[in-house]
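Please read the following with the sequence and the model open side by side. The text goes from a sheet to the helices and strands around it, and then to single residues.

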Amino acid sequence: MAGTGKAHLRDSPDVLLRIEDLVVEFPVGRTGLKVNAVSGISLDVLKGETLGLVGESGCGKSTTGRAIMQLPRPTSGSVQFEGTELTQLTGDAMREARTRMQMIFQDPISSLNPRRKVRQIVMEPLNIWKRGTDDERAKKVDSILEEVGIDPVRAGESQPHQFSGGQCQRISIARSLVLDPSLIICDEPVSALDVSVQAQVLNLLEDLKAEYGLTLIFIAHDLAVVKNISDRVAVMYLGKICEVAPSDVLYESPAHHYTSVLLNSIPVPDPEVAVTKTAIEGEPPSPVLPPPGCRFNPRCPAAQDICRSEEPQLRPVGEGHFVACHFPTVTPVELAAR
Amino acid sequence: MSDLIQASSRDIDGPLLELTDVTTHFKTARGLVRAVDGVSFTLDRGKALGIVGESGSGKTILSRSIMGLLPPRGTVRGGSIKFEGREIGNLGRKEMRSVWGKEMAMIFQDPMTSLNPVMKIGRQIAEPLQIHLGMTKQNAWATAERLLQDVRIPEPKRRLEQYPHEMSGGMRQRIMIAIALACGPTALFADEPTTALDVTVQAQILDLLGEQRRDRNMSLVLVTHDLGVVAGHTDVIAVMYGGKLVEKASTKGLFANMKMPYTEALLNSIPKLEDRSHTRLSAIAGRPPDLVNPPKGCRFAPRCPYAQPKCQTEEPPLVPTAEDPNHLYACWYPVGSPENAEIKVRLAASKGALAAAAGGN
């Protein structure tokens with residue numbers, strides 16, 4: 001399996017999560033074909049860091065998030081979390097490991113059980129793991145609900161449908177926090193929310209991250225949102241990583257043509273500059289039969305013959321900045337040194 | 001016969017759409033929900049209007065009130081809606097049928113559920129052509145193919161024979177647009193047409209809507225919560241809050257000279273690409289008002305950083321700015337006014353005092 005390189009992986013004692021050559025494939029019925037959802041990506045996340053995963057629908061960003069949780073298990077590759085190889089774990093050990101990483105989903109309303117009281121929903125993980133006495137559990141749940149801005153008394157009496165979308169997302173966040181995880185994977189947590197509420201939830205995540213010393217993986221398709229919350233961003237396209245960079249660098253000097261496309265697609269709230277032209281035509285091709293070479297070549301404005309035959313590897317173009325492109329818009333470091 | 005009446009009462013020179021004091025209230029067990037509460041504006045032919053506001057601001061109900069797409073039970077409607085000079089606010093569903101498609105069409109947020117999953121795309125586009133325009137089946141299918149070309153769908157002939165599940169979300173939204181355009185409407189309503197789509201596809205769909213509007217000299221009403229979406233794609237913007245129109249201006253005028261603190265707050269809550277990462281976002285605290293018991297005075301006052309005692313008791317009227325008679329706003333202490341500047345200074349001072357007190361401890 002052709003990987004997209006590992007030049008960007010860091011050798012640090014603070015690495016909390018390290019993914020290597022992660023491959024996730026799904027069979028297509030009994031046709032013998034398969035969906036190449038994630039095709040050999042490598043990533044690492046340091047303690048206390050926020051990693052943003054960005055890309056269009058079908059680029060494999062959500063599948064990557066789920067594969068880290070081993071839901072479902074990746075086809076191949078390794079996922080090391082807090083020094084443990086998750087792909088080898090089974091049964092109780094796996095369940096135990098999952099308490100250390102939690103997930104928040106896109107649709108806040110359907111990710112909460114509609115029949116139960118909100119307080120019970122948040123308490124359930126503690127009950128399952130029999131953490132503390134009844135009293136301690138109640139105290140913990142109440143303090144976390146306060147923390148996310150939900151009135152515990154109201155949460156004790158009300159069901160999810162009595163809360164707004166933004167409040168339901170706060171409840172999901174509270175539920176993800178009760179087991180004191182070290183890693184939270186946020187899968188498009190603000191895409192379904194209004195801009196005003198989106199800002200509230202993003203601010204809340206930043207506050208909680210600082211207070212609980214969390215590490216976040218933030219998955220979204222909106223680069224402006226991802227840039228705001230992330231320290232480091234990985235841009236994905238059709239199951240591969242195109243570019244990895246600190247988020248400010250990614251915006252200031254995008255090296256991959258696809259990153260530029262994503263940046264140009266964001267609507268700017270200013271009529272003077274908003275006379276945009278369509279940044280890119282068409283949609284990503286099917287991940288069942290991905291194009292050979294660089295997977296972005298059919299839509300890339302700079303594609304040459306080599307892009308159609310040879311897959312680019314990730315290589316450095318700056319401090320912590322890596323790109324998988326034969327003709328990046330920023331000169332690669334090794335060429336500049338010559 | 002009905003065509004005759006329409007033709008005689010048609011007002012070609014006036015505005016395409018004229019709303020006067022439109023109200024839409026719903027009877028519920030909790031009481032009367034004032035979803036749209038006295039909205040007036042006009043929309044000219046061929047122009048694009050953006051209706052902006054949070055969930056629960058009444059923007060969707062307003063556009064559905066104009067389209068006549070509200071449940072008949074428990075809905076209390078008031079005011080006047082004139083389309084080409086003809087009153088349509090009091091028409092029933094049966095009478096609206098002649099308006100839908102040919103005069104006004106609508107596309108919705110969720111392209112996944114707006115199409116019939118068990119009907120071929122071709123039939124879904126061709127059927128209204130046969131019913132409304134009396135085309136033969138063959139003609140209708142040929143027109144459907146041309147419509148798919150117009151909305152930039154590759155291989156239109158093959159797509160006509162497919163079912164919705166065989167297409168991506170962006171593709172389906174294009175098909176919704178093709179269906180909406182099929183009978184050549186004078187006005188197209190798009191309710192959050194790109195919210196469910198990727199940013200790249202969103203840009204494509206917005207461009208497509210703008211291009212079709214210009215080609216067909218059609219009016220477009222774009223309903224969204226994102227000021228970024230309307231900035232580049234509308235001529236006029238109406239901002240709604242709590243069922244009321246709180247600011248209306250030309251798109252350029254609005255962004256150059258924002259008056260309503262709510263509009264300013266909406267704009268500031270959008271994360272900006274130019275800002276460093278981890279820049280704190282200015283969220284709007286609290287939630288939109290309960291429309292059963294809306295707050296007295298200005299409805300935005302409970303969440304407004306500049307709110308004064310007057311805002312809590314007296315409702316501000318919709319007034320024009322000094323510079324532009326077409327720029328309307330409803331605020332006692334508008335952004336940019338000397339009174340507002342004074343409040344800003346006081347807010348900054350008290351914040352500074354708080355910080356100093358906290359630092360002293």
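In what order do the eight strands of the open sheet of chain B run, and with what pairing? The order is β6-β7-β8-β3-β9-β10-β12-β11, and the pairing is mixed. The model is predicted, so local features need pLDDT of at least 70 and side-chain atom pairs count only at pLDDT 80 or more, while totals for chains, interfaces and linings use all residues. Residues are numbered from 1 along each chain as its sequence is written, chains are lettered from A and ligands numbered from 1 in the order in which they are written, and side-chain values use heavy atoms, with hydrogens and water left out.

Two strands pair if DSSP finds at least two bridges between them. In general, strands of a sheet pair through backbone hydrogen bonds, either parallel or antiparallel.

In the sheet of chain B, β6 (104-107) and β11 (319-320) stand at the edges. Each has a single partner strand, so one side of each is left without a neighbour in the sheet. Further in, β10 (residues 244-250) of chain B pairs with β12 (residues 328-329) of chain B in the antiparallel sense over two bridges. There, E247(B) has Y329(B) of β12(B) as its bridge partner.

Helix α2 (residues 59-67) of chain B touches β3 (48-52), β6, β7 (187-191), β8 (219-224) and β9 (236-241) of chain B. The direction of α2 makes about 145 degrees with that of β6(B). Helix α7 (residues 169-181) of chain B touches β6 and β7 of chain B, and its direction makes about 170 degrees with that of β6(B). Contact means heavy atoms within 4.5 Å. Axes are lines fitted to C-alpha atoms, for helices over the stretch in contact, and angles run from 0 to 180 degrees between N-to-C directions.

Helix α7(B) also has a helix partner. Its axis and that of α8 (residues 199-216) of chain B come within 10 Å and cross at roughly 15 degrees. That makes α7(B) roughly parallel to α8(B), where angles under 35 degrees count as roughly parallel, over 145 as roughly antiparallel, 65 to 115 as roughly perpendicular and the rest as oblique. The crossing is right-handed, which is the case if the near helix is turned clockwise from the far one by less than a right angle, and left-handed if anticlockwise. From α7(B), G170(B), Q173(B), R174(B), I177(B) and L181(B) take part, and they meet residues of α8(B) including V201(B), L208(B) and R216(B). By class, this contact has six nonpolar, four polar and two charged residues. Ala, Val, Leu, Ile, Met, Phe, Trp, Tyr, Cys and Pro count as nonpolar, Asp, Glu, Lys and Arg as charged, and the others, Gly among them, as polar.

Now turn to chain A. The axes of α6 (residues 165-177) and α7 (residues 195-212) of chain A come within 10 Å and cross at roughly 15 degrees. The two helices are therefore roughly parallel. Helix α6(A) passes α7(A) in a right-handed crossing. Among the residues in contact are G166(A) and I173(A) of α6(A) and V201(A), L204(A) and Y212(A) of α7(A). This contact has eight nonpolar, three polar and one charged residues.

Is strand β8 (residues 215-220) of chain A enclosed or open? Six of its six residues are buried (under 20% relative accessible area; exposed is over 50%, partly exposed in between, with a 1.4 Å probe and protein chains only). The strand is therefore largely enclosed by the rest of the structure. T215(A), I217(A) and I219(A) point one way from β8(A), and L216(A), F218(A) and A220(A) the other way. Strand β3 (residues 50-54) of chain A pairs with β8(A) in the parallel sense over five bridges, and L51(A) stands opposite I217(A). Strand β7(A) also runs parallel to β8(A), joined by five bridges, with I184(A) opposite L216(A).

Some backbone details in chain A remain. The peptide bond from L71(A) to P72(A) is cis, with omega near -5 degrees. E188(A), which is not a glycine, has a positive phi near 45 degrees, and at 8% relative accessibility E188(A) counts as buried. L238(A) has a positive phi of about 50 degrees and is buried, with a relative accessible area of 2%.

Methods:
Helices (H or I, at least four residues) and strands (E, at least two) are DSSP runs, numbered from the N terminus.
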